[in-house]
Amino acid sequence: MTTEPIPIRTDLVFRPPSEHNNGAAASPKNAAVYSSRHKHTRSSYSDSSPLTAVSRNNSLSFRPLKRSMPSPDKTIAVINAGGRQAASLIRIATAVGYKVRAQLRNLVGVIATEVSSNPNVEVFVGDLYLRKKPNDNQDVSANTHNPDILVNHELISQLFSGAQLAFINTTFYGNEIQIGEAVADVAKRVGVQHFVYSSMPDHAAYNPEWASLPLWAAKHKVEDYIRNIGLPATFVYTGIYNNNFTSLLYPLFCMELQPDGSFEWRAPFHPDAKLPWLDAEHDVGPAILQLFKEGPKKWNGKRIALAYEYLTPLEACKAFERGVGRPVRYEQGPIEVRVKVPEGYREQLEALEKLFSPTNRDPRKQPPYFGDQTLEDSCPEGALALWEGPRGLEEYAREIFPLEEEANGMTWMFDDGEGVPYEGATGPSTIPEAGNGEDDDDESVDEGLVMRGLKRDEEEWLA
Ligand SMILES: NC(=O)c1ccc[n+]([C@@H]2O[C@H](COP(=O)([O-])OP(=O)(O)OC[C@H]3O[C@@H](n4cnc5c(N)ncnc54)[C@H](OP(=O)(O)O)[C@@H]3O)[C@@H](O)[C@H]2O)c1
């Protein structure tokens with residue numbers, strides 16, 4: 001390829017006003033002064049470019065070819081990279097040039113394929129925990145410490161080699177506290193500059209009358225540990241995901257399709273008590289990226305509520321109704337567990353029903369979702385200060401919910417919506433039954449993760 005000299009149209013060169021020459025062409029000296037005052041301080045043009053002497057901010061000037069975007073030259077370590085939170089960060093961070101070292105359990109599925117085929121991602125395949133006994137298929141999600149499960153220290157060490165940043169979202173599989181502590185230790189050892197941990201509260205730590213939610217209390221312990229070892233860290237608390245909702249008969253966020261084509265959501269939350277909401281896939285990534293950009297100087301030790309909407313269940317149902325275009329009713333009531341769920345999640349649901357009592361008639365008595373009232377009061381402004389373009393519940397219900405439902409085998413979105421029973425609609429009764437699906441694999445059955453939609457896989461329990 002030959003390089004042609006760039007034709008400079010001197011007649012269109014912007015001439016900065018000068019006190020001395022009254023608009024005459026800028027001398028190299030005063031042009032340099034002008035360029036250092038240029039209002040676009042974050043221009044993608046190099047300072048060494050011969051073009052810095054002319055304005056890039058004038059539609060009359062020529063527009064030279066841009067060079068490719070410079071990379072931030074930072075590497076982020078991420079675990080559970082196929083999860084909604086982590087995948088959201090990976091998408092956005094790699095799009096602006098960050099490198100990612102990502103742990104995935106395997107390379108199966110849409111997200112694992114997306115992550116592993118991303119040229120800015122180096123994938124480390126393996127579980128974060130190891131089973132002491134080979135061929136042991138016991139459920140590893142229970143909240144109590146399981147001595148048959150070890151932490152995969154080797155994988156975690158490999159993951160962090162060369163990483164300056166980390167986004168860590170632990171899950172209840174395989175002794176969450178030990179995994180969280182091991183990850184923090186390695187991050188400290190390799191000198192990670194900013195560690196963002198996706199935490200949740202232990203409600204009992206804020207008020208002894210409140211029940212601890214076991215899965216969240218584990219995260220609270222990991223948060224304490226991270227603080228104690230002095231890692232430069234920030235703690236994000238994620239609101240209720242918009243896409244927890246499904247018409248599959250999953251407990252707690254079942255948006256149950258009714259015979260007349262409307263939906264009903266039943267949960268223990270008071271209908272008029274506010275709850276924090278978040279579209280995890282859309283809006284976790286941009287907020288975490290902003291935290292990395294602003295760094296530990298601003299954010300070390302801080303807690304941030306990642307929730308872009310703060311809505312009561314009644315308001316949430318109204319937003320959902322506007323989006324999905326069908327009536328959506330809320331009913332306060334006990335959590336119905338109509339399918340087998342992992343042990344750890346069953347314990348969580350029981351505690352959640354104690355904490356957010358379905359018989360509470362006073363919205364002021366409902367504990368703050370994030371435990372800490374100050375954190376709760378920062379919703380949604382705290383999150384919006386990090387990222388201004390979130391996807392709200394209404395938009396989710398309009399644009400994404402029907403697609404996810406269709407991918408799960410539902411057909412209600414193709415019905416005429418005239419209020420008649422939806423003939424032929426695939427409602428919850430036709431969900432693949434426990435262990436009956438032809439493609440059930442041994443692992444999911446043995447771990448009690450038997451409810452499987454076509455798109456959503458077993459992990460979608462994790463509210
Ligand atoms: N849903 C909510 O509203 C909500 C709100 C606040 C906090 N959280 C917390 O967020 C965490 C979940 O994160 P997420 O939503 O990003 O994840 P997610 O989308 O629910 O994905 C689940 C993650 O767990 C992994 N996983 C699934 N089965 C596993 C097994 N048997 N052994 C080991 N790992 C397994 C998955 O790995 P693969 O991709 O390899 O399958 C994936 O990384 C949970 O701790 C939950 O408590 C959720």
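Predicted model: local features only at pLDDT ≥ 70, side-chain atom pairs only at ≥ 80, totals over all residues.
Asp73 lies in the loop between helix H1 (28-36) and strand E1 (75-78), and although Asp73 is not a glycine, its phi is positive, at about 60°. Most residues other than glycine have a negative phi.

Asn80 also has a positive phi without being a glycine, with a value near 45°, and its place is in the loop between E1 and helix H2 (84-95). Is Asn80 buried or exposed? With 23 C-beta neighbours inside 10 Å, Asn80 counts as buried, because 20 or more such neighbours are needed for that label.

## A cis peptide bond

Most peptide bonds are trans. The bond from Cys379 to Pro380, however, is cis, with omega near -5°, and Pro380 is found in the loop between helix H11 (373-377) and helix H12 (381-384).

## The protein as a whole

The protein has 14 helices and 15 strands, and buried residues make up 41% of its 463 residues. If we take the contacts between residues at least 6 apart in sequence, 73% of them join residues at least 24 apart.

Leaving out residues up to four places away in sequence, Arg101 touches Thr75, Ala77, Glu122, Phe124, Leu159 and Ala163. The C-alpha atoms of Arg101 and Phe160 are separated by 7.4 Å, while the two residues are 59 residues apart along the chain.

Helix H10 (residues 343-355) has 13 residues and reaches 19 Å from its first C-alpha to its last, which is close to the 18 Å expected at 1.5 Å a residue. Which residues of H10 are buried? They are Gly344, Tyr345, Gln348, Leu349, Ala351, Leu352 and Leu355. An α-helix has 3.6 residues a turn, so residues three or four places apart point the same way. The buried residues of H10 pack against helix H6 (203-206) and helix H7 (214-228).

An open sheet is formed by 3 strands in the order E9-E12-E14, with mixed pairing. Strand E9 (240-241) and strand E14 (309-311) stand at the edges with a single partner strand each, so one side of each has no neighbour in the sheet. Strand E12 (residues 275-278) pairs with E14 in the antiparallel sense over 3 bridges, and Leu275 stands opposite Leu311 in E14.

Leu275 is also in contact with Phe269, whose other contacts, leaving aside neighbours within four places in sequence, are Pro313, Gln332, Phe356 and Gln366. Phe269 lies in the loop between strand E11 (263-267) and E12, and this residue is buried, with 25 other C-beta atoms within 10 Å. Phe269 and Arg361 are 92 residues apart in sequence, and their C-alpha atoms are 9.9 Å apart in space.

Notes:
Residues numbered from 1 in each chain as written. Contact = placed C-beta atoms within 7 Å. Helix = DSSP H or I, 4+ residues; strand = E, 2+ residues; numbered from the N terminus. Expected span 1.5 Å × (residues − 1). Buried ≥ 20, exposed ≤ 12 C-beta atoms within 10 Å, placed from the backbone. Pairing = 2+ DSSP bridges.
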